[in-house]
Amino acid sequence: MMSNSSKENTHEILQDIKKNLTRGVKDRKHAFHTPVFSNISEKEGIESRVVVLRKFDHVNMILNFHTDYRSPKTKNLKKNNKSLFVFYDHKLKIQMRIKTTSYLNHQNEVSKEMWDKTRLLSRKCYLTTKKPSSIALKPEDGIPAHLLGKEPDFDESEKGYQNFTVVENKIFEIDWLYLNITGHRRLKLIFKNTDPEYQWLIP
């Protein structure tokens with residue numbers, strides 16, 4: 001049975017996790033702003049890439065990032081929506097591996113709300129003439145030539161909405177690791193109901 005002091009400690013850890021994920025959304029310089037996101041590809045196996053954390057719902061424990069609907073990961077997430085985030089902050093000496101279930105929001109209320117908040121320069125990414133990961137004959141980013149070095153106007157940027165997608169990732173497990181010279185600490189948080197289950201692990 002977990003002692004009362006351990007229970008208090010686990011609660012503090014959860015609150016600290018929420019605080020830093022919230023900061024990761026708001027502060028571009030925070031290490032949690034750009035986690036590694038991994039999912040399963042039928043052809044390639046496990047695929048990982050850095051994404052930008054756009055929103056954290058601390059009540060429902062959901063992480064959001066944006067992507068192009070034409071990208072391979074959206075196709076793969078439709079077939080297998082189990083996914084994983086890895087966060088690491090060398091200053092805090094904290095690593096988190098967060099297991100999630102991913103859901104795609106494309107041309108719905110969720111995507112429209114976030115699209116309306118997206119800057120013109122960021123919308124430019126969704127105006128590429130070729131889909132992400134497609135083969136190119138020369139080094140290029142696929143952005144139309146007349147937009148090189150500048151942002152689109154509002155009307156032109158709206159064309160990118162057809163490719164804009166919000167990926168919602170519902171957290172069901174967090175593996176939290178704190179590295180300290182006096183002794184590492186590792187905690188697993190399992191989210192089934194309102195209150196998570198806690199398991200202390202050997203680091």
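1. Basis of the note. The model is a predicted one, in which local features need pLDDT of at least 70 and side-chain atom pairs count only at pLDDT 80 or more, while totals for chains, interfaces and linings use all residues. Residues are numbered from 1 along each chain as its sequence is written, and side-chain values use heavy atoms, with hydrogens and water left out.

2. Secondary structure. The protein chain comprises five helices and nine strands, where helices (H or I, at least four residues) and strands (E, at least two) are DSSP runs numbered from the N terminus. Read from the N terminus, the order of these elements is α-β-β-β-β-α-β-β-α-α-α-β-β-β.

3. Overall dimensions and contacts. Taken along the principal axes, the box filled by the C-alpha atoms of the protein chain is roughly 65 × 35 × 35 Å. Of the contacts (heavy atoms within 4.5 Å) with a separation of 6 or more in the protein chain, 61% are accounted for by residues 24 or more positions apart.

4. Burial and surface. Of the 203 residues in the protein chain, 41% are buried; here buried means under 20% relative accessible area, exposed over 50%, and partly exposed in between, with a 1.4 Å probe and protein chains only. The accessible surface comes to about 12,400 Å², and 52% of that surface belongs to carbon and sulfur atoms; the areas come from the Shrake-Rupley method with a 1.4 Å probe, and for residues only the protein chains shown count as cover.

5. Charge. There are 36 positive and 25 negative side chains in the protein chain, and the centres of the two sets lie 4 Å apart. Lys and Arg count as positive and Asp and Glu as negative, whereas His and the chain ends are not counted; the place of a charge is taken as NZ of Lys, CZ of Arg, CG of Asp or CD of Glu.

6. The largest pocket. A pocket is, on a 1 Å grid over the protein atoms alone, an open set of points where a 1.4 Å probe fits, with protein on both sides within 12 Å along at least five of seven lines, and its lining residues have an atom within 4 Å of a point. The largest pocket has a volume of about 830 Å³, the volume being the space filled by probe spheres set on the points, which are joined across faces, edges and corners. Its lining consists of 29 residues, with V52, R54, H66, C125 and Y126 lying nearest the centre. At least two lining residues each are supplied by helix 1 (4–26), strand 2 (45–50), strand 4 (62–68) and helix 2 (72–79), and strand 4 gives the largest share, four residues.

7. Not counting residues up to four places away in sequence, K99 touches S83, L84, K170, I171, F172 and E173, and S102 touches F37, L77, N81, S83, V167, E168 and N169.

8. S83 in strand 5. S83 belongs to strand 5, residues 82–89, and is buried, its relative accessible area being 7%. With neighbours within four places in sequence left aside, its contacts are F37, S38, I98, K99, T100, T101, S102 and N169.

9. The loop between strand 5 and strand 6. L92 is placed in this loop and counts as partly exposed, at 30% relative accessibility. Leaving aside neighbours within four places in sequence, L92 is in contact with N20, H30 and Y178. The C-alpha atoms of L92 and N180 are 9.8 Å apart although 88 residues separate them along the chain, whereas those of S83 and N180, 97 residues apart along the chain, are separated by 28 Å.

10. Positive phi values to inspect. Q107, a residue other than glycine, has a positive phi near 55°; Q107 is found in the loop between strand 6 and helix 3 (109–116) and is partly exposed, with a relative accessible area of 47%. S133, likewise other than glycine, has a positive phi near 75°; S133 lies in the loop between helix 4 (120–123) and helix 5 (154–157) and counts as exposed at 66% relative accessibility.
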